[in-house]
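Please read the sequence alongside the three-dimensional model shown here. The explanation goes from the whole chain to single residues.

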Amino acid sequence: MTVERNTATTPIAASAAATEDAFKNDPTATLEGVKGKDVTKAAKALLKDSAKRGGGSIQMQDVVKIYPGANKRALDDFNLDIKPGEMVVLLGGSGCGKSTALRSLAGLEDIQGGRIMVGGQDVTGVPVNKREMAMVFQAYSLFPHMTALENVEFGLEVRGVSKEERRKVAMEQLELVGLADQAKKYTQQMSGGQQQRVALARALAIKPRVLLLDEPLSALDAKVRVQLRDQIRRIQLSTGTTTVFVTHDQEEALAVADRIGVMNKGKIEQIAAPQDLYQRPATEYVATFIGLTNRLPGASNGEEAVVFGQRLPLIAGSAKGDSVAVLVRPENLALSLPDQYDSKVGEHARVEVIHFLGSLVRVDTVITSSEFQRWNKGEQLKVTVQLPANELPAGLASGDDVIITPRPVAALAC
Ligand SMILES: Nc1ncnc2c1ncn2[C@@H]1O[C@H](COP(=O)(O)OP(=O)(O)OP(=O)(O)O)[C@@H](O)[C@H]1O
Ligand SMILES: [Mg+2]
């Protein structure tokens, strides 16, 4: 686990080597005396080396997981293909199989069908400790009687890495997560966010080919969560470690993923880049899982729909029929006052609640015409509109009459 000397001509590798030498000369050396920037570079160089070495692509092909005694499949012909260095987030409701997918990939669960490849090699029967993966869970699972440094060193010790080498690598990892100055602290004296950063440093220290994160942030408060999520993404990008991140927080998924796989009943229902998934959901489940959406009555020929008299282009795979539901995002609806409106399209609605969200405003309304109530199984048809705060008609209040018109943006009919 050393930096290769033949790469020491590049500035990054050179500073990595310099750091390495500093530790070699004095096994008890701390980062004092080593410039912070050099250490970060050294850590990156070490990890980049691992990305080069590992290849880190993942294929899970038709994987079936049935827990003992269970009558349904936790993974049901599950397929996932990840490129080296990519960060894929698995998103989905409770019990849809996210953790099972991750645990099967890590080798913590045996599978009843299919195969798992990492870096082009079949690892299906390979034991967990031979898969070169590291996992971080929701619970910090650190050793409370050990310092942060000892915790990070632990995985290296198990792998027989020499004391001086593991101290060096562990300090680099703590530097990478911004905790070099806390190295000597016992983990039980640290905050939740700090503990989870130690867990992350410990996972990265073994230079895994693949990093697996199972809801690593869900025990943390909102602010720390956002900070740490961004830090994880930065580290992941700089190290190029192939990463699978499980969450059921859609905002978290949208913020960090190269691609998001939305899971439902043991399968991936759609996998795509965050923006594609948001703008072109393949199914109603995906559309309702990511962001807010309105279900509006329409007529569709499969390529176009008419909703509230307005023609809309449809996403491929949309349903056809005289009475379909068209899924329209709140920001794809326009809201106008009746006396300032001269178009033939649009539908009258009554304002229920106006939510101010800073630069945006969300307006909950109810469609006035009872025609749509019949379509909506007797329930009032509620429609949410979102618009920039400065476009909200002045003085608009609950109870006011407005006209709602879909914008001609591609939508899904189902
Ligand atoms: N050890 C187990 N034994 C039996 N059934 C299990 C076991 N672990 C999970 N399951 C079942 O397998 C299915 C998938 O569970 P899994 O833990 O993968 O879901 P998840 O998507 O991670 O959910 P959550 O968001 O709640 O963590 C669920 O129906 C669950 O009850
Ligand atoms: Mg889970």
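The paragraphs below take up the overall fold, the ligand, and then several loops and a helix.

The model is a predicted one. Its chain contains 11 helices and 20 strands. Of the 414 residues in the chain, 50% are buried. Considering contacts between residues at least 6 apart in sequence, 69% join residues at least 24 apart. The chain has an accessible surface of about 19,100 Å², and carbon and sulfur atoms account for 50% of that surface.

Ligand 1 comes next. It is surrounded by 13 residues, and the closest are Ser 94, Gly 95, Lys 98, Ser 99 and Thr 100. The side chain of Ser 94 has an N or O atom 2.5 Å from an oxygen atom of ligand 1. For Lys 72, the corresponding side-chain distance to an oxygen atom of ligand 1 is 3.3 Å. Gly 95 takes part through its backbone, with an N or O atom 2.8 Å from an oxygen atom of ligand 1. Ligand 1 taken alone exposes 630 Å², and the protein buries 59% of that area.

Apart from neighbours within four places in sequence, Asp 249 is in contact with Leu 91 and Arg 225. With Arg 225 there is a polar contact between the two side chains, at 3.3 Å. Asp 249 and Gly 92 are separated by 157 residues in sequence, while their C-alpha atoms are 8.6 Å apart in space.

Glu 132 lies in the loop between strand S5 (121–122) and S6. Its phi is positive, about 55°, although Glu 132 is not a glycine. Glu 132 is partly exposed because its relative accessible area is 35%. Phe 137 counts as partly exposed, since its relative accessibility is 30%. Together with Leu 108 and Val 128, Phe 137 makes a nonpolar surface patch of about 210 Å².

Which residues of H4 are buried? They are Ala 148, Leu 149, Asn 151, Val 152, Glu 153, Gly 155 and Leu 156. An α-helix has 3.6 residues a turn, so residues three or four places apart point the same way. The packing partners of the buried residues of H4 are helix H5 (163–176) and helix H6 (192–205). Just after H4 comes Gly 160, with a positive phi of about 75°.

A further positive phi is found at Lys 265. Its value is near 50°, in a residue other than glycine. Lys 265 is placed in the loop between strand S9 (259–264) and strand S10 (267–272). Is Lys 265 buried or exposed? Lys 265 is exposed, because its relative accessible area is 68%, and the cut-off for exposed is over 50%.

Terms used
Residues numbered from 1 in each chain as written. Chains lettered and ligands numbered in written order. Predicted model: local features only at pLDDT ≥ 70, side-chain atom pairs only at ≥ 80, totals over all residues. Heavy atoms only, no water. Helix = DSSP H or I, 4+ residues; strand = E, 2+ residues; numbered from the N terminus. Buried < 20%, exposed > 50% of the residue type's maximum accessible area, 1.4 Å probe, protein only. Contact = heavy atoms within 4.5 Å. Areas by Shrake-Rupley, 256 points an atom, 1.4 Å probe, with all protein chains shown as cover. Patch = residues over 30% accessible without salt bridge, like charges linked within 9 Å, V, L, I, M, F, W, Y side chains within 5 Å. Salt bridge = Lys/Arg side-chain N within 4 Å of Asp/Glu carboxyl O. Near = heavy atom within 4 Å. Polar contact = N/O pair within 3.5 Å; in protein donor to acceptor, adjacent residues only side chain to side chain.
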